[in-house]
Amino acid sequence: MDACDVLIVGGGPAGSSCAWKLRDSGLDVVVLDKQHFPRDKICGGWITPAVLSELEIDSRDYAHGRVFQRITGFRTGCIGGQMIDTKYDETVSYGIRRREFDEYLLRRSGARLLEGVNLTTLERRDGAWVANGALRARLVVGAGGHFCPVARLTGAKSHGEQAVVAQEAEFEMDENQRAGCAVSPEVPELYFCSDLKGYGWCFRKQNFLNIGLGRMDPHRLSEHVSSFLRFLNSAGRLNFELPHALPGHAYLLYGSSTRNIADDGMLLIGDAAGLAYSQSGEGIRPAIESGLLAAKAILGAQGRYSREVLEGYRALLAQRFGASEHWATRLGRHLPSRLIQALGKRLLGMRWFASDVVVHRWFLHAGEPALER
Ligand SMILES: Cc1cc2nc3c(=O)[nH]c(=O)nc-3n(C[C@H](O)[C@H](O)[C@H](O)COP(=O)(O)OP(=O)(O)OC[C@H]3O[C@@H](n4cnc5c(N)ncnc54)[C@H](O)[C@@H]3O)c2cc1C
């Protein structure tokens, strides 16, 4: 039987960041993923600058041969309503393609990689885990995304979880499509649904276009997506035929998960732990930060992987992301939906609110510095 110290299940941003942080620790780290990289991942591919500094990514090195779109502003508003441009004199975000970004992070993580291996069983034997009956590990890190098998096999229940559901398409535009695309690559467009339960986006990354819509309500998602795509055509933002059916995925916002993120010999990170920012749905940065914090907790545990010792990870997460969900989300659940709609529409139409609150605070988390190395 093969053996390792730390088995990370899932080679997305959470798993590869955790492995990268452990690269010089002397621990034998394996990252197992059911897919071969590069692989596609349903995602907008918008990242904030903290991600680059936390992972010590040299942007010039990364941009070589990969899509790397600088973003200097956002256009926000309600679908069909007045749009407001918030512009900056500097780069405030980037657009990447997940098939490129995730492979880059995984290959430089320094871990042993097991690609194309689906985790199907996880058994506890003599104080260690045995994965697929073939790989023994003292510690397992669940980084398998929303449907993470580690979370499921160690007892997480999806019942009662209120997930964000989203559909998205990304494709390279041909010459005609590029000519018919009114969206500026430096200024992605965000269109909030009238009931404020989600938003659609239109995001040009060099010659690639990423369009999609996510909602906190699973009902009639495809109808919302279709009507958003029709709107983009009728408003003249995209003057070419758009795909009819978009693939979908789900994930949890911070504060909405009841999953047990730390137990004997087990930690959950990234979407497996349900950590995306509640106002924007940004999940890549929390996934990376949780991977780095999990690595810190693992190093601090010095080989003692009991639940009591690993509880330190829970404390690190609470310190970083707050003890519970955001007050605005909590408040939103108690206000009548008509009031939210009326208030939201008015606020989103006000320049200060769109710029200072929505873009600056909620989307860019401008007041929150990157994790210290
Ligand atoms: C439509 C959409 C748009 C989004 N847009 C953005 C955005 O623009 N910016 C942003 O910050 N966030 C965005 N998010 C959220 C973001 O995609 C996630 O938060 C992020 O991918 C989480 O990273 P992760 O490493 O935890 O999981 P993932 O990226 O999901 O990686 C999990 C990995 O685990 C592997 N795996 C799963 N099951 C198994 C198994 N049984 N055995 C072995 N391996 C397995 C998978 O193959 C995968 O490689 C978006 C999400 C959606 C759905």
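D126 lies in the loop between β9 (122–125) and β10 (128–131), and in this predicted model D126 has a positive phi of about 50° although it is not a glycine. The residue is exposed, with a relative accessible area of 75%. The points below cover the backbone, the nonpolar cores, the helix contacts and the salt bridges.

**Backbone features**

- N132 also has a positive phi, of about 50°, and is not a glycine.
- A cis peptide bond, with omega near 5°, runs from F37 to P38.
- P38 belongs to the loop between β2 and β3.

**Nonpolar cores**

- The largest nonpolar core comprises 71 residues.
- Within this core, the residues with the most contacts are V6, L7, I8, F101, V150, I298 and Y313.
- Helix α8 gives the most to this core, with 10 residues.
- Another core, of 25 residues, lies apart from the largest one and includes A163, C202, F228 and F231.
- Beyond its neighbours within four places in sequence, V6 is in contact with L22, L27, D28, V29, V30, L139, V141, I298 and Y305.
- In soluble globular proteins, nonpolar side chains tend to be buried together.

**Helix α8 and its partners**

- Helix α8 (residues 284–301) packs with helix α9 (residues 307–321) at an angle of about 145°, the axes being 9 Å apart.
- The crossing of α8 past α9 is right-handed.
- On the α8 side of this contact are R285, P286, E289, S290, L293, A294, K296, A297 and A301, which meet V309, L310, Y313, L316, L317, R320 and F321 of α9.
- The residues in the contact of α8 with α9 comprise 11 nonpolar, one polar and four charged.
- Helix α1 (residues 13–21) also meets α8: their axes come within 7 Å and cross at roughly 35°, and α1 passes α8 in a right-handed crossing.
- From α1, the residues P13, A14, S17, C18, W20 and K21 meet I284, A287, I288, G291, L292, A294, A295, I298 and L299 in α8.
- The contact of α1 with α8 divides by class into 12 nonpolar, two polar and one charged residues.

**Salt bridges**

- The count of salt bridges comes to 23.
- Side chains of opposite charge can pair when their charged atoms come close.
- R39 and D102 form a salt bridge through their side chains (2.8 Å, N to O).
- R39 lies in the loop between β2 (29–33) and β3 (46–47) and D102 in helix α4 (residues 98–107), so this pair ties together parts that are 63 residues apart in sequence.
- Both R39 and D102 are buried.
- A salt bridge also joins the side chains of R237 and E189 (2.5 Å, N to O).
- This pair links distant parts of the chain, with R237 in the loop between α7 (221–234) and β16 (248–251) and E189 in strand β13 (residues 189–192), 48 residues apart.
- R237 is buried, and E189 is buried as well.
- E123 and R125 meet in a salt bridge between their side chains (3.4 Å, N to O).
- E123 is partly exposed, with a relative accessible area of 34%, and R125 is partly exposed, at 33%.
- A network of salt bridges links E54, R285, E289 and R320; R285 and E289 in α8 and R320 in α9 are also among the residues of the contact between these helices.

Definitions and conventions: Residues are numbered from 1 along each chain as its sequence is written. This is a predicted model: local features need pLDDT of at least 70, side-chain atom pairs count only at pLDDT 80 or more; totals for chains, interfaces and linings use all residues. Side-chain values use heavy atoms; hydrogens and water are left out. Axes are lines fitted to C-alpha atoms, for helices over the stretch in contact, and angles run from 0 to 180 degrees between N-to-C directions. Helices (H or I, at least four residues) and strands (E, at least two) are DSSP runs, numbered from the N terminus. A crossing is left-handed if the near helix is turned anticlockwise from the far one by less than a right angle, and right-handed if clockwise. Contact means heavy atoms within 4.5 Å. Ala, Val, Leu, Ile, Met, Phe, Trp, Tyr, Cys and Pro count as nonpolar, Asp, Glu, Lys and Arg as charged, and the others, Gly among them, as polar. A nonpolar core is a set of buried Ala, Val, Leu, Ile, Met, Phe, Trp, Tyr and Cys residues joined through side-chain atoms within 4.5 Å. Buried means under 20% relative accessible area, exposed over 50%, partly exposed in between (1.4 Å probe, protein chains only). A salt bridge is a side-chain nitrogen of Lys or Arg within 4 Å of a carboxyl oxygen of Asp or Glu.
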